[in-house]
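Keep the structure in view as you read.

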2 protein chains.
Amino acid sequence: MDKEAFFHKLVTFTTAVHEVTFDLTKDVRPEGITPVQYSILEYIAVSQPVTLSQISDCKNISMPNTSRELKKLTEKNLCEKLDVAEDRRKQMIRLSDAGQAMMNKAFEQIGERFLERIKDSSTEELEEISRALDVLHSKVFNSGE
Amino acid sequence: MDKEAFFHKLVTFTTAVHEVTFDLTKDVRPEGITPVQYSILEYIAVSQPVTLSQISDCKNISMPNTSRELKKLTEKNLCEKLDVAEDRRKQMIRLSDAGQAMMNKAFEQIGERFLERIKDSSTEELEEISRALDVLHSKVFNSGE
DNA sequence: CGATTTTGTTATCAAATGATAATTAAAGAG
DNA sequence: CTCTTTAATTATCATTTGATAACAAAATCG
């Protein structure tokens, strides 16, 4: 298969992934939370506890802007800052109970929509999908490292 | 495999896809083009000719805002509006020569980065990846319909 | 034909985001 | 101990984006 066609296939695929994730996640964002804030909360939920710099790096948001958004989230009692004993410049950030509850609810909705989407797949097909995810994750979409 | 783990796997995967596409496409956006404008140009490039409503629907941008951004792009001579004979309300939009050249260049850069990313894969692995793309595209990320 | 729907435009406003400079405090290097 | 680097904050500004209302013209429906 020629590179050109392969590349086109990948572009089409990533576009589809973006569209589907948009569909799965639309409307789950709670009132009063901006898109950027939600994406930060999502990141914290998955990787907590994290430092401010980590959020800044991974989400490609400058430190000042990360600090600003995190301050707003903290004021809304959605996350907490914990001092780090070894390095007193750093702060570990994690979701508060309220923030955790909020994100659980959001993930639950997304999960339901996802299950709806694969509900017609047999056990064998799910296995196949799972293997496909492994292949692509390890051979193409391996961001880490 | 339980649903919970399956869902988690998918979340991790889509996150990776987003990160990788960000890496592949960062810095390719030409000077003076905003992110939203670039995403519109990308969509036109792949699907041209398209109507304004199609752009609005597919990119989830309201008609007024789509119209505004398209006007700016037209003023920059990056795309053209063609009248439709059968329905004089509609306009078909496509890239101008300059716009096409610009997007070709952008896609070329992305293509190079992509090839770099899969350069260590054998022919068999590429076949495997291709099949995995087909599986996921048809069974999970099938946005159309 | 008249009413309604579709397609697109213009204008305007508010909110979200991005970018930068200046500052603080702690850690680490020499 | 001084100098430099790292982590984070605050303040400020311009740009981008989203949202809404009001409008116009063509198509479609009954």
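Start with Lys72(A). It forms a salt bridge with Glu69(A), and the closest N and O atoms are 3.5 Å apart. This is a predicted model. Both Lys72(A) and Glu69(A) belong to helix H4 of chain A. They sit three residues apart, about one turn of the helix. Side chains of opposite charge can pair when their charged atoms come close. Over all chains, the count comes to 18 salt bridges.

Now follow that helix to its neighbours. Helix H4 of chain A covers residues 63–75. It lies across S2 and S3 of chain A, and runs at about 110° to S2(A).

Those strands belong to a sheet. In chain A, three strands form an open sheet in the order S1-S3-S2, with antiparallel pairing. Strand S1 (50–51) and strand S2 (79–83) of chain A stand at the edges. Each has a single partner strand, so one side of each is left without a neighbour in the sheet. How many bridges join S2(A) to strand S3 of chain A? Five do, and the two strands, S3(A) being residues 91–95, run antiparallel.

Next, turn to the contact between the chains. Chain B brings 41 residues to the contact, and chain A brings 41 residues. The size of an interface is often given as the accessible area lost when the parts come together. Here the area buried between chain B and chain A is about 4,500 Å². Carbon and sulfur atoms give 75% of that area. On the chain B side, Phe6(B), Leu133(B) and Lys139(B) supply 14% of the area that chain B buries against chain A, more than any other three residues.

Charge also features at this interface. The rule finds six salt bridges across the interface of chain B and chain A. One salt bridge joins the side chains of Lys139(A) and Glu128(B), at 3.1 Å from N to O. Polar contacts between chain B and chain A number 12 residue pairs, both residues being at pLDDT 80 or more.

Which helices of chain B supply at least two residues each to the side that touches chain A? They are helix H1 (3–25), helix H5 (97–117) and helix H6 (123–139) of chain B. H1(B) gives the most to that side, with 15 residues. By class, the side of chain B that touches chain A has 22 nonpolar, 10 polar and nine charged residues.

Technical notes
Residues are numbered from 1 along each chain as its sequence is written. Chains are lettered from A and ligands numbered from 1 in the order in which they are written. This is a predicted model: local features need pLDDT of at least 70, side-chain atom pairs count only at pLDDT 80 or more; totals for chains, interfaces and linings use all residues. Side-chain values use heavy atoms; hydrogens and water are left out. Contact means heavy atoms within 4.5 Å. Buried area is the accessible area (1.4 Å probe) that two parts lose on being put together, summed over both. A salt bridge is a side-chain nitrogen of Lys or Arg within 4 Å of a carboxyl oxygen of Asp or Glu. A polar contact is a pair of N or O atoms within 3.5 Å; within protein, one must be able to donate a hydrogen and the other to accept it, and residues adjacent in sequence count only if both atoms are side-chain atoms. Helices (H or I, at least four residues) and strands (E, at least two) are DSSP runs, numbered from the N terminus. Ala, Val, Leu, Ile, Met, Phe, Trp, Tyr, Cys and Pro count as nonpolar, Asp, Glu, Lys and Arg as charged, and the others, Gly among them, as polar. Two strands pair if DSSP finds at least two bridges between them. Axes are lines fitted to C-alpha atoms, for helices over the stretch in contact, and angles run from 0 to 180 degrees between N-to-C directions.
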